Amino acid sequence: MDNSLWVKMHGGTTHFPIALVMASALFDLAGLVVPENVGRSRRAGFRAAGFYTLILGALGSIGAVLSGLVISRGQLWGRGNLAHHHTFLWPAFGLLTSLAVWRLVVGNHASNHTFRIYLGIAFITAALMGAAGYFGGELLLNG
Amino acid sequence: MSIEIKGLLLGLAVAFGLLGVTFGLAPLLQPKKVPEGKREQQASAVSGTSTDVLQGEAKRGYSLFDHSCAPCHGDDARGDEGPSLYDLAKSDARIATIIKGGVKGEMPSFAKKFSDADVQAIIAYLRTLKD
């Protein structure tokens, strides 16, 4: 397959996980801070939005990693901005898939305390994804 | 065992599994490397291309190249994602324009990253790449 197609695929797929993970963390945070008396359904709605955006982000990240691996010709680390990109990417990818599986298994049965820990890790993951995306962009736009 | 712990263990297992598959897949996508002995032979056959003998501007240019250009043009500048940079038949001014302006859809612009002195150092290094 023409390598430029993989480049375009990587460019297209990488933005989804970054945006979706950030959105997921924000939805879950909103679900946590909405007062109980405002409405349980609104809380549940935010939680559901957080759940589905996370799952979609995790699924999207597989395509992004695969296309990235092809265009970098199997480089897992590299040099310069590529190394910076990977420094943030691999922990973010691991954390993202862990969080998605955890949410799938636990569903709505997590205690409030555990969910707060989950949310903290989700924000760390979103930050790592953002940093990986920043250096990926630097790689493409500013060498 | 609570469902939260089960979820955590399963999540970690899947994450490590996926990372394992990714890291296992990577070597299959890597271009075949020139054996170390053959590479040394090539380097010694080419006057001035061994990085040990680079001096001054060319040495600094190699350092810049290694950080920013090698990911696409290959560690040995013989081409990878981007073309080989050996025996360039372009003028210094043209090379500088390409480095600073990039090539649409193929190579990013390095205008913000490299000063004129940096570009000249890279060109000095590129001029040592001869077959």
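Just after H3(B), B:Gly74 takes a positive phi of about 90 degrees; helices here are DSSP runs of H or I with at least four residues, strands are runs of E with at least two, and both are numbered from the N terminus. This is a predicted model, in which local features need pLDDT of at least 70, side-chain atom pairs count only at pLDDT 80 or more, and totals for chains, interfaces and linings use all residues. Residues are numbered from 1 along each chain as its sequence is written, while chains are lettered from A and ligands numbered from 1 in the order in which they are written.

**Helix H3 of chain B**

- H3(B) has a kink of about 55 degrees centred on B:Asp66, where the bend at a residue is the angle between axes fitted to the seven residues ending there and the seven starting there.
- A straight helix of 18 residues would span 26 Å at 1.5 Å a residue, but the end C-alpha atoms of H3(B) are only 22 Å apart; the expected span is 1.5 Å times one less than the number of residues.
- The buried residues of H3(B) include B:Phe65, B:Ser68, B:Cys69 and B:Pro71. A residue is buried if 20 or more other C-beta atoms, placed from the backbone, lie within 10 Å of its own, exposed if 12 or fewer do, and partly exposed in between.
- These buried residues of H3(B) pack against H3 of chain A together with helix H5 (116-126) of chain B.

**Helix H1 of chain B**

- The 27 residues of H1(B) should span 39 Å at 1.5 Å a residue, and its end C-alpha atoms are 39 Å apart, which agrees.
- B:Gly7, B:Gly11, B:Ala15 and B:Leu18 are the buried residues of H1(B), and they pack against H3 of chain A.

**Where the chains meet**

- Chain B gives 32 residues to the contact and chain A gives 27 residues; two residues are in contact if their C-beta atoms, placed from the backbone, lie within 7 Å.
- On the side of chain B that touches chain A, the elements giving two or more residues are helix H1 (3-29) and helix H3 (56-73) of chain B.
- H1(B) gives the most to this side, with 19 residues.
- By class, the side of chain B that touches chain A has 19 nonpolar, six polar and seven charged residues. Ala, Val, Leu, Ile, Met, Phe, Trp, Tyr, Cys and Pro count as nonpolar, Asp, Glu, Lys and Arg as charged, and the others, Gly among them, as polar.

**Nonpolar cores**

- The largest nonpolar core has 26 residues, and among those that touch the most other members are A:Val21, A:Leu96 and A:Met129. Such a core is a set of buried Ala, Val, Leu, Ile, Met, Phe, Trp, Tyr and Cys residues joined through C-beta atoms within 7 Å.
- Helices H1 (3-33), H2 (40-71), H3 (80-106) and H4 (112-141) of chain A each give two or more residues to this core, with the largest share, ten residues, coming from H3(A).
- A second, separate core of 18 residues includes B:Cys69, B:Val119, B:Ile122 and B:Leu126.
- Beyond its neighbours within four places in sequence, A:Leu96 is in contact with residues including A:Pro17, A:Val21 and A:Thr125.

**The two chains**

- Chain A has four helices and zero strands, and its C-alpha atoms fill a box of roughly 55 × 25 × 25 Å along the principal axes.
- Of the 143 residues in chain A, 39% are buried.
- Chain B has five helices and zero strands, and 21% of its 131 residues count as buried.
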